[in-house]
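Good morning, colleagues. Please look at the structure on the screen while I go through its overall make-up and then one pair of packed elements.

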Amino acid sequence: LLSKCRRGELVAALVQLPAVQLRRLLMHAVAQLPVKEIARREGCSERAVKYSLAKARKRMKGTSCL
């Protein structure tokens, strides 16, 4: 993410995400946790995490960050 946009653009894109999507995206992209671990920590299915990550990426596509 950082290599594709400036810091301000990244922050602007991230603050537009719903809290759940932001949290899961950060766990996956920054903390590099696998989907299975995120699902375990959040008490949800892996499918729910994958869906949430896909929605976050889709929302960010409108920015220059993705």
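I shall begin with the chain as a whole and then turn to a helix pair.

Please bear in mind that this is a predicted model. The protein chain contains four helices and zero strands, so that, read from the N terminus, its elements follow the order α-α-α-α. Of the 66 residues in the protein chain, 29% are buried.

What share of the contacts with a separation of 6 or more comes from residues 24 or more positions apart? In the protein chain, that share is 56%.

Let me now turn to the helix pair. Two packed helices are described by the angle between their axes and by the distance between those axes. Helix H2 covers residues 19-29 and helix H3 covers residues 35-42. Their axes come within 10 Å of each other and cross at roughly 140°. An angle over 145 degrees would count as roughly antiparallel; H2 and H3 are therefore oblique to each other. As for handedness, the crossing of H2 and H3 is right-handed.

Which residues make this contact? From H2, they are Arg23, Arg24, Met27 and His28. From H3, they are Val35, Ile38 and Glu42. Sorted by class, the contact of H2 with H3 comprises three nonpolar residues, one polar residue and three charged residues.

Thank you for your attention.

Definitions and conventions. Residues are numbered from 1 along each chain as its sequence is written. This is a predicted model: local features need pLDDT of at least 70, side-chain atom pairs count only at pLDDT 80 or more; totals for chains, interfaces and linings use all residues. Side-chain values use heavy atoms; hydrogens and water are left out. Helices (H or I, at least four residues) and strands (E, at least two) are DSSP runs, numbered from the N terminus. Buried means under 20% relative accessible area, exposed over 50%, partly exposed in between (1.4 Å probe, protein chains only). Contact means heavy atoms within 4.5 Å. Axes are lines fitted to C-alpha atoms, for helices over the stretch in contact, and angles run from 0 to 180 degrees between N-to-C directions. Angles under 35 degrees count as roughly parallel, over 145 as roughly antiparallel, 65 to 115 as roughly perpendicular and the rest as oblique. A crossing is left-handed if the near helix is turned anticlockwise from the far one by less than a right angle, and right-handed if clockwise. Ala, Val, Leu, Ile, Met, Phe, Trp, Tyr, Cys and Pro count as nonpolar, Asp, Glu, Lys and Arg as charged, and the others, Gly among them, as polar.
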